Amino acid sequence: MGSIDFEGRRVPAQDGDTVASALYRAGVRTFTRSLKHHRRRGLYCMTGDCPNCLVTVDGQPGCRACTTPARDGARVRRESGWPSTEHDVLNITDHLHRFMPVGFYYKAFVRPRWAWEFAEKIIRRATGIGTLPMDRAPELKPSRHVHTDVLVVGGGPAGLAAARAAGEAGLKVILCDEGVLGGALPPGATRDRVAALVRDLAGMANVTLLEHHTAVGVYDGPLVPVVGPHELLQIDPGRVIVATGAVETHAVFPGNDLPGVWLGRGAARMAGVHGVAPGSRAVVVADSMEGVLHIQTLQAAGVTVLAAMVPEALAEVVPTGVDVLRGAKILAAEGRGRLGAVRVSTPQGERTIECDVLTLSVGSAPRDGLLRMSGDLSVTGAGEVVLPGCSLEEAEASGAAAGAGGGEDTPREPDPVPMGTDGYVCLCADVSVHDLEAAWAEGWRSSEILKRYTTATMGPCQGAMCGRHLAAFASVGAATAQAGARTTARPPARTVRLGDIAGGINEIIPKRTALHDVHAAAGARLDWSGSWIRPYHYGDWRQEYDAVRERVSLMDVSTLGKFLIAGRDAQALVDRAFPTRVADLEAGRSRYLLALDEAGYVMDDGLICSLPDGRYYVTSTSGGADKMEAGLRNWADRFGLRAHVMNQTAMLGAINVAGPHARGLLNKLSDDDLSAGAIRYPGHAEVTIAGVPCRAVRVGFVGELSFELHHPRSRSVDLWTALMEAGAEWNIRPHGLDALDLLRMEKGHFYLAQDTLPDDHPAKLGLMWAVAMDKGEFVGRSSLERMAALPMERTLVGLRFDAQPQRGVPLMAGRKIVGRVTSCAHSPVLGYGIGLGWLRSVEGEFPTHLTANGVACRVVSTPFYDPDGVNLRA
């Protein structure tokens, strides 16, 4: 027991209550106002398939009251209508239909244009389902990928039977349902059978049951996103079984949207599950045995069932005391604000029956959105989704067959939709039969076009109520079968918050190189570096540093972006996309590469290697691979170039062999010519090292003789092991990111994002030597020309410190802050502190003598170590 706060008053809630059942027990009958005409709307389906009960719960708009649990202390309010939902003056629009015909919003407010600014504010206030909580902190919902043999969507008899059959076959099974298994069923044989199947599955270790988990779509793979209370599951199943059942068919007749008109299952759920009588006097329309059984459920809750409209075959099973109307037809539901009577036609004539409840069980409309959007994927339907109106036994047999690998070869067609000459077809957007007729008369003559013009099927119910009606209407006069077909099924199949499907957006999926386990076994401290898990050191970073400077060392650089660019216009693409000169780059040679955006700002850097046959091999920083690929593909498309971009980052590993003895180590493992003359710096060549085919690229990032060995990822462990064993005579040690930070700093190399800012162009970084302004057009060229005419206000400089420096501290010129230190360390080989930092001009000049947190420093040229590059060219 508990209570909810409903618009300032306390409403008791019983165990198992939803917000809808608690409010209905408390006497609430109007839950929303309709979108356009502001008509009263009450509970209808009780399964989350219609738009009639959307309320705001704890500040979250658009919650379906019929499926939202009544949590103790929850704050609930209705937001449609003005000044309130109960007393809505905007209901006057229900008397202005002639002034608001279908599609009026496409025609009104065109002239004068300024009128739209005012009209838009009024329309937005008068429509919608609530106000977004703009001051609420975002909820960070985690996401995880789950692999399974079989995913079953839906926890009714068919879905449970399918899960049991697949589980008994030894398969790993996940079953998800958006509610509680069996929780929506009134007492009876179906509920008992569901409980028995749940007990069977509870004892199967290979079957996982997920309640309150909603499947929102089926994507290529198949991949099925499933939104749970606390996480987003991205399920990768071998096959999918859709057992989402059916919703009772929405009947169209005058007054069909009045509060008091229910779908049969909705009224039975309110009465049988929650123990709340939907009303006092009811008329039941039942075309199936299930509908007749609803009579007993209503009577058990204290409802007097006055009449039952049933076909002749069901007349004998109607409970005694209920007036049986054979061959009767609903003409209209009548009442002011809520149902007061039902007018019917019978073989004996017209008749009006005073009542406050009308339940409709006039057929089943399969919830087949997931099935229809699956295309030719491994997705099978079971139960009512393919056999609408089937019996309990048929549903269970269908599920068992699907679970065993079979399925329904010929799904059963649902009964024709009951649509009269008037009434609301689309409850979400107040689209009536007359609206469809008017749109048709204006020339909108296919279901897809009618959908766009009238907005039918585009509301919160996603066509669950009206999709088949729209297709049925269009098919009557459609010129082709396609014009009368149902509209396309697209995700999401169920209403879902954007924050839920964005689950995991704040998470970084860890990437690991093929050598991850090797590093761990060697005692490396592994940690995040961007989205990669990389070694920072193997125990003593200083010994690793010494190995590079004095002997030989290895580093796993497989994280670098790697791209092959080929095709007729490959050279044109790299020449237009990058500021680097490539026209004179001979095969076997490489060149430093900058990547700029259209504003001329540096996005990334790397190397470009010229290959035979006009191809190019491009590398980028570890964190810039995705952006580099996107940029290359974008420019190829925008320039209309016939060039192919292949991202080889995941398929290739890379190991940097660096140090004075790097060539001696490789010579022990290769018969290829690795001399300075054979592979000049900067250059590259295809070689074989320890039996592993490699592209050996001469690089200079650490300032020593270095060969990056780019090779098939599957051979990374073999190559690393061979190099470590062969390097034992030089006391080889691998080095990590800690040693690399100092090694690159001594050469004056910057780290993107650490030493750079988003608006840095090459001149600020001292890299105009890498930009060929005398070549043709390239991305960012016009921006660089404009910025060249402006005075330089900020630049990246090298710093020499008189004492231990500190990263991040301000750079002071006297008492004025003129920059900050971005990187710094004590250099063992140089014997003093070095660093990089940003420096602003003072009265048009850059100061050279500074202090950083009290430590004196001065601006010096870079590289600090081996400024002539003798070592790396060895």
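**Close-up views of a predicted model**

**View 1. Strand 32 (residues 602-610) runs antiparallel to strand 33, and five bridges join the two.** Strands here are DSSP runs of E with at least two residues, helices are runs of H or I with at least four, and both are numbered from the N terminus. Two strands count as paired if DSSP finds at least two bridges between them. This is a predicted model, in which local features need pLDDT of at least 70 and side-chain atom pairs count only at pLDDT 80 or more, while totals for chains, interfaces and linings use all residues. Residues are numbered from 1 along each chain as its sequence is written, and side-chain values use heavy atoms, with hydrogens and water left out.

View 2. Buried means under 20% relative accessible area, exposed over 50%, and partly exposed in between (1.4 Å probe, protein chains only). Tyr616, Val618 and Ser620 point one way from the strand. Tyr617 and Thr619 point the other way. Side chains in a regular strand alternate between the two faces of the sheet.

**View 3. Strand 30 (residues 561-566) also pairs with strand 33, antiparallel and through five bridges.** Leu564 stands opposite Tyr617. Lys562 stands opposite Thr619. The open sheet here has five strands in the order 31-32-33-30-34, with antiparallel pairing. Strand 31 (590-596) and strand 34 (644-647) are the edges; each has a single partner strand, so one side of each is left without a neighbour in the sheet. Neighbouring strands of this sheet are turned by 30° against each other on average, direction ignored. Axes are lines fitted to C-alpha atoms, for helices over the stretch in contact, and angles run from 0 to 180 degrees between N-to-C directions.

**View 4. An open sheet of three strands is ordered 19-20-21, with antiparallel pairing.** Strand 19 (329-334) and strand 21 (349-354) form its edges, each with a single partner strand, so one side of each lacks a neighbour in the sheet. Six bridges join strand 20 (residues 341-346) to strand 21. Val344 stands opposite Arg351 in that strand 21 pairing.

**View 5. Helix 18 (residues 662-669) has Ala662, Arg663, Leu665 and Leu666 buried.** Down the helix axis these residues fall within an arc of 160°, so they line one face of helix 18. The arc is that of the directions from the helix axis to the C-beta atoms. Packing partners of the buried residues include strand 29 (553-556), strand 35 (652-658) and helix 19 (716-726). Contact means heavy atoms within 4.5 Å.

**View 6. Helix 3 (residues 115-126) has 12 residues and reaches 17 Å from its first C-alpha to its last.** That is close to the 16 Å expected at 1.5 Å a residue. The expected span is 1.5 Å times one less than the number of residues. Just after helix 3, Gly128 takes a positive phi of about 90°.

**Context. The protein chain holds 21 helices and 45 strands.** Its C-alpha trace spans about 110 × 70 × 60 Å along the principal axes. Of its 874 residues, 53% are buried.
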